[in-house]
Amino acid sequence: MKSNLMAKYFRLNPESHLVKGALRGAVHNLHSGDVYSIDPVSTRVLDACEQGMCLNDIFQSVESISEETIINYLTTLEQSGIGQFYSQSIYIEKLKPGLTKMQRRLMRIPPTLNYIYLELTNQCNLDCVFCQSQSNLVKGTTSCWRWGGMTEDTLLNRDNWIDILKAALQLGCKIVHFIGGEPLLEWETIVELINLTKTETCQIVLTTNGILLELEDTNKIDFLIEHDVFFYLQILSANSQIHDSGVRANGSFEKLLGVIGQLENRGGRYSLTLPVYRNNQYDIDKTVQFLKNLDPQGITIDILRSTKPRSEELAADTLLHKLFRTNPSFPPLTAATFFQRQQGHPFWNGSLAISVTGDVFPCPSARDLVIANIKQKNLHEIYRDEDFGKYWSLGKDLVAVCNQCEYRYACVDNYDTFAKNKLKTKSEYCTYNPLTGRWNNEGKPETAKI
Ligand code: SF4
Ligand code: SF4
């Protein structure tokens, strides 16, 4: 076997990408979405294979393991469909994105605005106990929140929103997401804005607590479904009392279920968001099962986090450990997400959010990162000057420590990187040290999928 293989080469398949960390490596299979962690020596071997070295030379250069071990290892990879032996040196065209960042620069192709959040109001018809502008508690996913701190005279008006949306559509924006507070409080503005998108190929998304769509007002639901609006609805529990006391409005649970039923009956598409805080943390398994039975397009469990770790009395204290990444289990990877993360920030790249007062951020939760104010600089000017550049391009390659991690294109840890002074710092919620290849799980139970 050995003599037959002396002149052979081994290459990873086009969809298998080796990412090297400071010590270890990871092979990303962009077809299956799997990420394989590999030890330091195997990383050296695979790297040499990918550089086009023949196996004979690799045997000479890697002395710490035997030729047989190397061959067995590569044979296992071949049998797993990750790579192949070749009898001669071969060029493998890797699966790649359409254009690299450098090619786009050379061809003067500007970055693309894909996603815009329009925060139509800071008011809400509910009063969730955890949603207070002075609180340290925030949601980790894009959702509704009353941020506070504005006065009537600083708010954008309907004409401002129309101008903003027109500009976004001219810039080719593909997803328009209405958020609040409760955006349905601005119903007439929503109708005007949605009508503006009629001739465009863009997706409308609406985050709402749902109450203003209650049963008797089916016209609104009909209008939204007719325009293919995707709904994000918030629910706090499978238990009506826990839900109602959380949103501080009796009867809300029943109304919300009525709205979900209407959406189901009319073919509306929706996803459910479950913010987890102190009072609903104990019945979480039951709630998740209940949500699954409703059969939404998606379920997001959002353990509310404190901007000052563990200091917020409303935080879900028994579940905070789940915010920590303690092992390499990442959401399934696709070719698109892998390349997007090489180009820039996993969430912000291509996205802008406009607040009720016209502040422009890379995302609605990143309130510290004001790019401009739309009253001083319109969207075309912001786009022309690429004011968003430093946030959009902020991939893990620019984050200290993470830039030496083999998981940097699989990882989407982003729990505490909204503060300006932490943007290029590794998340405090990750326990991995790429320099030692170790996860520090001390005191932190394994992350469990809820
Ligand atoms: S529904 Fe959303 S915006 Fe309204 S109070 Fe609750 S968390 Fe805040
Ligand atoms: S947060 Fe950084 S160090 Fe931790 S897994 Fe992600 S990329 Fe690696």
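At roughly what angle do the axes of helix 9 and helix 10 cross? I opened my notebook with that one, keeping in mind that this is a predicted model.

**Entry: helix 9 and helix 10**

I looked up the axes of helix 9 (residues 240-247) and helix 10 (residues 252-266), and they cross at roughly 105°. The two axes come within 8 Å. Angles of 65 to 115 degrees count as roughly perpendicular, so helix 9 is roughly perpendicular to helix 10.

Next I checked who meets whom. From helix 9 come S240, H243, D244 and V247; on the helix 10 side I found S252, F253 and E254. Sorted by class, the residues of this contact are two nonpolar, three polar and two charged.

**Entry: helix 7**

Which residues of helix 7 are buried? I went through residues 187-196 and noted T189, I190, L193 and I194. Seen down the helix axis, these buried residues fall within an arc of 130°, so they line one face of helix 7. I then turned to the other side of helix 7, where E188 and N195 are exposed.

What do the buried residues of helix 7 pack against? I wrote down helix 6 (158-170), along with strand 8 (175-179) and strand 9 (203-208).

**Entry: ligand 2**

My last stop was ligand 2, which 14 residues surround. I listed the closest: C402, C405, C411, D413 and C430. How does the shell around ligand 2 divide by class? I noted eight nonpolar residues, one polar and five charged.

How values were computed: Residues are numbered from 1 along each chain as its sequence is written. Chains are lettered from A and ligands numbered from 1 in the order in which they are written. This is a predicted model: local features need pLDDT of at least 70, side-chain atom pairs count only at pLDDT 80 or more; totals for chains, interfaces and linings use all residues. A residue is buried if 20 or more other C-beta atoms lie within 10 Å of its own, exposed if 12 or fewer, and partly exposed in between; C-beta atoms are placed from the backbone. Helices (H or I, at least four residues) and strands (E, at least two) are DSSP runs, numbered from the N terminus. The arc is that of the directions from the helix axis to the C-beta atoms. Two residues are in contact if their C-beta atoms, placed from the backbone, lie within 7 Å. Axes are lines fitted to C-alpha atoms, for helices over the stretch in contact, and angles run from 0 to 180 degrees between N-to-C directions. Angles under 35 degrees count as roughly parallel, over 145 as roughly antiparallel, 65 to 115 as roughly perpendicular and the rest as oblique. Ala, Val, Leu, Ile, Met, Phe, Trp, Tyr, Cys and Pro count as nonpolar, Asp, Glu, Lys and Arg as charged, and the others, Gly among them, as polar. A residue is near a molecule or strand if its C-beta atom, placed from the backbone, lies within 6 Å of it.
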